[in-house]
Amino acid sequence: MSDEAGLAQRKDTATNEVDETEASRMNKLRRTRKKVAKSHDCSTEAGEMDTPDANDCTRDATQILTPPQLSSRMKHIKQEMAKNHLQFVQFEASDLHGVSRSKSIPAHFFQEKVIHGVFMPRGYLELIPNPKDNEVNHIRATCFNSDIVLMPELSTFRVLPWAERTARVICDTFTVTGEPLLTSPRYIAKRQLDQLQDCGFSLLSAFIYDFCIFGMPEMINSKTISFPASTLVNNHDQPFMQELVDGLYHTGANVESFSSSTRPGQMEICFLPEFGISSADHAFTLRTGVKEVARKYNYIASFFIETGFCNSGILSHSLWDANGKKNMFCSSSGTEQLTITGKKWLAGLLKHSAALSCLMAPAVSCRKRYAKESKDLKDSVPTTWGYNDNSCAFNIKCHGDKGARIENKLGSATANPYLVLAATIAAGLDGLQSSCVAVADSDESTELFQPKPSEIPLKLEDALVALEEDQCLRQALGETFIRYFVAMKKYELENEETDAERNKFLEYFI
């Protein structure tokens with residue numbers, strides 16, 4: 001062997017040893033950050049499932065990769081970074097409202113930050129859109145003035161098509177001592193997906209969003225929204241949607257369809273269903289991506305309608321076996337009805353609809369569409385469900401190649417997709433294991449009997465009470481999260497100003 005060949009071989013060996021060492025360090029750090037993890041068992045029988053107390057079950061759903069796997073993934077990422085001449089990587093995490101909060105890291109520091117994480121003030125993720133100077137004193141200032149750590153999930157690394165020489169990676173959040181941040185929406189969603197998997201099931205889901213496009217002929221200040229753009233079916237508007245759909249595809253989010261909706265400038269976008277956390281990740285990506293692409297075309301994209309009503313945000317989902325081979329909602333007889341398992345799941349959604357609505361329509365303006373459906377001056381409206389009925393809160397669709405699925409239509413597009421996913425799973429699981437909900441004893445029957453009719457509160461204050469009193473969701477989402485979420489919403493209600501709220505949401509959710 002020549003000296004040059006021997007030197008090259010020694011360099012390759014040294015490089016591999018460094019990669020293996022760094023991968024081992026990364027894995028050690030991730031195991032350290034999972035030191036509070038506890039496993040739990042769950043029967044696959046729907047009638048025997050026990051949902052553990054969320055305070056006792058703190059297992060993180062982040063996949064633990066072996067050192068060779070981490071090394072291989074980092075090698076692939078490095079190749080992508082070199083190929084695209086990347087300068088920056090955004091470490092992104094969702095705040096409580098589902099809006100991306102990030103820190104941008106120079107690309108040459110990426111591997112170091114993957115190992116050690118990126119620090120961010122906790123208040124960035126937990127405070128309301130426009131925090132006041134004294135806001136942190138409303139609960140416990142010592143908590144929200146501290147730092148948390150963003151740890152990237154490397155499988156979410158993508159080159160951003162709408163940002164120059166920049167990539168992003170979605171992060172899970174931890175305290176500086178290594179515990180998962182219990183108010184993290186993504187952590188809560190992953191924990192519920194774990195519960196589902198342990199019970200022998202998986203979830204196939206996709207979000208369907210409405211959003212509005214506003215024109216910007218002149219921006220006088222940050223609060224100026226001039227007029228809605230024409231409905232985006234004209235040729236001069238097609239490039240915007242084409243670039244958005246193509247950009248989402250390159251971030252891993254596959255758009256199944258898009259169309260103009262009911263108002264001028266309002267669009268509907270539907271994602272292809274996927275298993276696991278991916279559906280919420282894609283919705284999270286859309287909320288940032290649509291803003292970035294819109295600004296390139298001198299538009300403003302908003303999930304908040306100029307008239308004050310929120311756009312809809314629908315979670316279409318179906319329950320499958322743990323291997324994702326069989327749709328548990330589909331009847332073997334071929335009838336277009338839900339199975340008994342599907343009816344139990346639906347019963348859980350109906351049972352917890354009041355509390356669900358608090359998380360899925362989390363602002364006063366979001367709940368106006370509930371009131372619009374009520375002709376009488378009532379405090380609540382009945383929770384409706386039906387087969388192929390788009391006017392219902394829970395619409396069961398059995399047609400199409402995806403099989404039976406339920407559309408949870410309680411939500412607005414301003415709701416946090418991770419919380420929507422988590423709460424839907426928690427309510428559905430409770431329906432599977434609850435003995436107080438009676439359903440018809442055959443798959444062919446369309447009957448569903450409830451001991452108590454479910455209602456959706458029209459006022460956010462009443463929805464907050466329903467959430468506080470819902471022991472199932474308190475356990476599933478965690479006492480820490482519920483206490484903070486309710487306190488945050490009460491603070492927003494105490495300081496609500498109608499005009500200011502409209503401007504706040506137009507700015508914040510665009």
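Q: In this predicted model, where does Ser412 lie?
A: Ser412 sits in the loop that runs between β17 (405-408) and α12.

Q: Why is Ser412 called buried?
A: The relative accessible area of Ser412 is 2%. Buried means under 20%, so Ser412 is buried.

Q: What makes the pairing of the Ser412 and Thr414 side chains a polar contact?
A: The two side chains, of Ser412 and Thr414, come to 2.7 Å. A polar contact requires a pair of N or O atoms within 3.5 Å, one able to donate a hydrogen and the other to accept it. The Ser412 to Thr414 pair is therefore a polar contact.

Q: Why is helix α6 called roughly parallel to helix α12?
A: The axes of α6 (residues 185-198) and α12 (residues 417-433) cross at roughly 30 degrees and come within 8 Å. Angles under 35 degrees count as roughly parallel, which makes α6 roughly parallel to α12. The crossing of α6 past α12 is left-handed.

Q: Which residues of α6 and α12 meet?
A: From α6 they are Pro185, Arg186, Ile188, Ala189, Gln192, Leu193, Gln195 and Leu196. From α12 they are Tyr418, Leu419, Leu421, Ala422, Ile425, Ala426 and Leu429. Sorted by class, this contact of α6 with α12 has 12 nonpolar, two polar and one charged residues.

Q: How do you know whether Glu469 is buried or exposed?
A: Glu469, in helix α13 (residues 460-469), has a relative accessible area of 59%. Exposed means over 50%, so Glu469 is exposed.

Q: What separates the C-alpha atoms of Glu469 and Ala355?
A: A distance of 8.3 Å separates these C-alpha atoms, while Glu469 and Ala355 are 114 residues apart along the chain.

Q: Why is Arg165 called partly exposed?
A: Arg165 belongs to the loop between β5 (158-159) and β6 (166-175), and its relative accessible area is 38%. Buried means under 20% and exposed over 50%, with partly exposed in between. Arg165 is therefore partly exposed.

Q: What is phi of Arg165?
A: Phi of Arg165 is positive, at about 50 degrees, although Arg165 is not a glycine. Most residues other than glycine have a negative phi.

Q: Where does Asn388 lie, and what is its phi?
A: Asn388 is in the loop between β15 (385-387) and β16 (394-397). Phi of Asn388 is near 50 degrees, again a positive value in a residue other than glycine.

Methods
Residues are numbered from 1 along each chain as its sequence is written. This is a predicted model: local features need pLDDT of at least 70, side-chain atom pairs count only at pLDDT 80 or more; totals for chains, interfaces and linings use all residues. Side-chain values use heavy atoms; hydrogens and water are left out. Axes are lines fitted to C-alpha atoms, for helices over the stretch in contact, and angles run from 0 to 180 degrees between N-to-C directions. Helices (H or I, at least four residues) and strands (E, at least two) are DSSP runs, numbered from the N terminus. Angles under 35 degrees count as roughly parallel, over 145 as roughly antiparallel, 65 to 115 as roughly perpendicular and the rest as oblique. A crossing is left-handed if the near helix is turned anticlockwise from the far one by less than a right angle, and right-handed if clockwise. Contact means heavy atoms within 4.5 Å. Ala, Val, Leu, Ile, Met, Phe, Trp, Tyr, Cys and Pro count as nonpolar, Asp, Glu, Lys and Arg as charged, and the others, Gly among them, as polar. Buried means under 20% relative accessible area, exposed over 50%, partly exposed in between (1.4 Å probe, protein chains only).
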